[in-house]
Amino acid sequence: MTYNIDEKGYYGEFGGAFIPEMLYPNVEELRQNYLKVMAEPEFQEEFNALLKDYVGRPSPLYFAKRLSEKYHTKIYLKREDLNHTGAHKINNTIGQILMAKRLGKHRIIAETGAGQHGVATATVCALMGLECIVYMGEIDIARQAPNVARMKMLGAKVLPALSGSRTLKDATNEAIRDWINNPVDTHYIIGSVVGPHPYPDMVARFQAIVSEEIQWQLKEKEGTSKPDYVVACVGGGSNAAGAFYHFLEDKDVKLIAVEAAGKGVHSGESAATSVLGKEGIIHGSKTLLMQTQDGQITEPYSISAGLDYPGVGPMHAHLYTSGRAEFIAITDDDAMTSGLELCKMEGIIPAIESSHALAVLQHKKFPPDAIVVVSLSGRGDKDLETYIKHFKL
Ligand SMILES: Cc1ncc(COP(=O)(O)O)c(C=O)c1O
């Protein structure tokens, strides 16, 4: 069994491209070209130069000494929070903007939840001088106000999604609608390993730089390129896909995917997709999906806007059903406690999404000599309001 994509665009039984006919030419153009374009030496050169000089890569692999002492194991943090724009999302948007340019597109659309992907998209559009429209749920616009302001300063137009739960899935619906109406000049930069094939694979490849760096950084620090555990939060699953990518086929490396349990997995207010989800189709791909008996999507909930999605990328659906990755669901309260703990113990304010990954340390005992790499997917600046309200600071 492989945990990578097959030639038809499936991870096991999940993935594919379930799209309306009117979207077919756009998706097909991308499918036919993405691997070819990514393999071009000039593309690789430009991508790597921007990751280095613009994003600030490699991101450090930081040994968290005080946290390690507390939890009696060796904890390394992969510092994606130190990237330009504050999260891993920029790795993917740099890749996709270069792809869009090579495909001759000059109008960019995107969806965003936490606003990190929207900011990362607005940033690369400013960098390349391209028009940028970002769809965002009305609720997320309210709870991620600083990121909305950033997008506007960067020259993007932020359009609210007013239907459904008015969060990420609804923003995605709006973006798909836009793409159908603008097939020729527009590229849709999807922000996670979701959507129709080839998006999950393309985004995973752009994020794979994360595990590529973990390998050589760990070799330098520990004399081995293999961690014992890699822990990452999963919204759609792109930071996890990047952190897992080069370890997918190596079972010595245990993978832990962390979902948002919200107010409790069975509270009715949760985004624990793997546990609660059943096979279904969302945004063009067959995956695990929170849904009612008759197939209507259940509204997700999480305190973190970036994890508030009713589905999960097909790679992760496959990692879950095959048992390759362990899935752990973390409540709002536990994530917030772990986020504050990182502030106090290491002087790092994490994004609330990343705090979910950190909370695994409270829930699972790791052997004292194990190397545990936690993906610190983003910084907490955008979440200050939520932290302040939660802890009455
Ligand atoms: C900091 C951060 N981490 C994680 C996520 C979740 O996305 P993904 O699962 O694609 O990494 C987001 C999404 O906005 C984010 O902003």
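Which domains does the domain assignment of the protein chain give? There's domain 1 (23–50 + 89–203) and domain 2 (56–87 + 208–391), with bounds that come from an automatic or database domain assignment. The model is a predicted one, so to speak of local features takes pLDDT of at least 70 and side-chain atom pairs count only at pLDDT 80 or more, while totals for chains, interfaces and linings use all residues. Residues are numbered from 1 along each chain as its sequence is written, and side-chain values use heavy atoms, with hydrogens and water left out.

The C-alpha centres of domain 1 and domain 2 sit 22 Å apart. Across the interface, 31 residues of domain 1 touch 35 residues of domain 2, contact here being heavy atoms within 4.5 Å.

Now for the ligand. Its shell takes in 17 residues, of which Ser192, Gly235, Gly237, Ser238 and Ser377 come nearest; a residue counts if one of its heavy atoms lies within 4 Å of the ligand. Each of domain 1 and domain 2 supplies at least three residues to that shell. By class, the shell has 4 nonpolar, 11 polar and 2 charged residues, with Gly put among the polar ones.

As for individual atoms, a ligand oxygen lies 2.6 Å from a side-chain N or O atom of Ser192, and a ligand oxygen is 2.7 Å from a side-chain N or O atom of Ser238. At Asn239, a polar backbone atom is 2.8 Å from an oxygen of the ligand. Taken alone, the ligand exposes 390 Å², and the protein buries 97% of that (Shrake-Rupley method, 1.4 Å probe).

How values were computed:
A polar contact is a pair of N or O atoms within 3.5 Å; within protein, one must be able to donate a hydrogen and the other to accept it, and residues adjacent in sequence count only if both atoms are side-chain atoms.
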